[in-house]
Each structure stands twice: as C-alpha cells, then as structure tokens.
Amino acid sequence: MVDTKVNLCGWVLDNPVIATSGTFGYGKEFSKFYDINMLGTFSFKGTTVEPRFGNPLPRIADCDSGMLLSIGLQNNGIDHVIAHELPEMKQYFHKKVIANCAGFCVNDYVTLAKKLDDQEQVGIIELNVSCPNVGAGGTAIGTDCVNLEKTVKEVKKVTSKTVFVKLTPAVTDIIPFGCTENELLSLACSLEEKSEHPLVKAVMEKGRADGVTFAAAENFAALPGNGVKATVKGAALTGGSLKFVSDKIKLSNEAISAANRLSEEGKTPLLFCENDAFKGIIAVADEIKPDSAEAIKELKDMGVRVVMITGDNER
C-alpha cells in the first residue's frame, strides 16, 4: 500500500488532502455524507474575535456556472467556537484542525491566537491577512509588509503553535498590446468587477489605487477553471488563462512568450481581449516584499520555523 503520510511543519498528516477554510465550515455537514477522518485535516471557518453577521442579504445567487456569493466572514466569534464548535467537532473528527483567524487590526490576531493556544484540537493557526486593516485606512494587512511583520511577531509572542499566513496576491506586471497600461487595467477591472475569484481582487485593488475608471459590464459569465466574459459598452470582453484566451483568438508569438515567461517566474498571467483583438496581460502573484528576507531572518532568530505554501505556478 502507498504511504500517503506527509509532514507539515512537524505535524504528520495521513495524507496531504486539506479542505480549505470557507468551503468546509466546521465539517459537520460533510460528516453526514462520508467519514471526514479520511482527510489529512481541514481549515475551519474563518473566525473573528466578535460575532459577525456578515454582508447584508441577499448574498448568494445561482448562475449558469454555479453560484456567486459574498458572505462577509459570518461567524459566531472565537468564544463560541471554543465553547461549542470545537467540543462538538470531537464527536465526528478525531484529528487536529487548522484554525483560520480573521482580524481587522493586530490586536485581533493576538487575541485569537492567545485564546487558541491551549486548544489541543488546533494544530496550526492560519492568519487570514486579506482583511482590511481599520487602523491603516482599510488596506489589507497582507499588502503592507510592515503591518504584516508586526502582526506575525505579536502573534508568536502569545502562541507556541505553528503559524501560517494566508497572503494577499498582488499585481506584479501589466503588459499592454496595442493600448496603454491604464486602458488595459480599465478593461480588466470593467470585466472582472463582478468576479469573486481571489486573484481578481488584486487586479481590482490595483485599478482602484491607480484611479482607473470602470464601465458597467453586462451578460457577465464566470467559466470555472478558465476565465470570464462579459459585454462592456457593446464590446465582447474575455479574460482568463493562456489556454482559454488562445482558444478564442489567435495570439502572437510575442504574447504567448510573455505569458509563458510570467508563468516561469511563478506568477499567474491573466490575458484579456476585446472582440477579436488581444489587449494584454496582467500578472498576479504573492509578491515578495523588499524586506521579506530580513523579516524571515528575524522570525527564524525568534525560533519560528518559516515555510511557504502557495498556489502560484511552481518553477
């Protein structure tokens, strides 16, 4: 029999299959359909210090490709999770889990980590730093290396558990073809504004930061695993992977070469076209900050074991 065990920062999992936060709740619903103990583990629902109702209703809608949702971190708060969810979880899941923590300032993450530190069921604390920092004008903590470093350092002072950081993707390259960078960014934002894909958030943040104008999109459709399409000002816009776009229009060797180069650099190239004209590439990645090396060194000096987990292209 094949040995599927993996070592995750000293924590041995039966296999590398991990259900991610936001898709699995606390596992209770899934346990009614199969024995979830066959998983390596799972990251439970994003948890905040105080209970949150989330975004106003309605926030879920059916569509041709599945469904659109914008829940907004609805949860009952950390005290409820410790008092009710974790004890109940013992009845149907007999392994340690990953605790996904969401906060809006450094103190939120510290409070969550401190309360989870003595919970035996929690194997790893995952910091979701994509949340807006209320103390820094609403920018995501993960996009500011100074705030991110401070957050991790303060968290490690109150917990002995392994800490993972769920980073925020950022736009790294804008390569226009036959238009300006701002025109390409405006086209991409107009097309992607209704998309819920995590990488799209980086494009939208870049567009807002650069002050580009968006146009209203009609007939928007998300094509899972491929891209999106919509009509903007009467023009048919398409965006997505190299394969998806190249199946729609003929790309030049220069465009294909640029997309492949970005992939080789570990980035995710998003290609865009308007009608039958290729307009350019916007690359997104978990960008390495200028002082990342120094921050990692300081964390190691503190005795913290540093690892990186990424869904970017591996090169």
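In this predicted model, Leu69 has a relative accessibility of 36% and therefore counts as partly exposed, since that class lies between the limits of under 20% for buried and over 50% for exposed. Leu69 belongs to strand β6, which covers residues 66-69. Together with Ile60 and Met67, Leu69 makes up a nonpolar patch on the surface. The accessible area of these three residues together is about 270 Å².

Another part of the structure is an open sheet of six strands. The strands follow the order β10-β15-β14-β13-β12-β11, and their pairing is antiparallel. Strands β10 (170-176) and β11 (217-223) are at the edges; each has a single partner strand, so one side of each lacks a neighbour in the sheet. On average, and with direction ignored, neighbouring strands of this sheet are turned by 15° against each other.

Within the sheet, β13 (residues 235-240) pairs with β14 (residues 268-274) in the antiparallel sense, over four bridges. Leu237 has Glu274 in β14 as its bridge partner.

| Helix | Strands touched | Angle with β15 |
|---|---|---|
| α5 (residues 181-192) | β10, β11, β12 (227-232), β13, β14 and β15 (277-285) | about 80° |
| α8 (residues 253-264) | β10, β14 and β15 | about 5° |

Conventions:
Residues numbered from 1 in each chain as written. Predicted model: local features only at pLDDT ≥ 70, side-chain atom pairs only at ≥ 80, totals over all residues. Heavy atoms only, no water. Pairing = 2+ DSSP bridges. Helix = DSSP H or I, 4+ residues; strand = E, 2+ residues; numbered from the N terminus. Axes fitted to C-alpha atoms, helices over the stretch in contact; angles between N-to-C directions. Contact = heavy atoms within 4.5 Å. Patch = residues over 30% accessible without salt bridge, like charges linked within 9 Å, V, L, I, M, F, W, Y side chains within 5 Å. Areas by Shrake-Rupley, 256 points an atom, 1.4 Å probe, with all protein chains shown as cover. Salt bridge = Lys/Arg side-chain N within 4 Å of Asp/Glu carboxyl O. Buried < 20%, exposed > 50% of the residue type's maximum accessible area, 1.4 Å probe, protein only.
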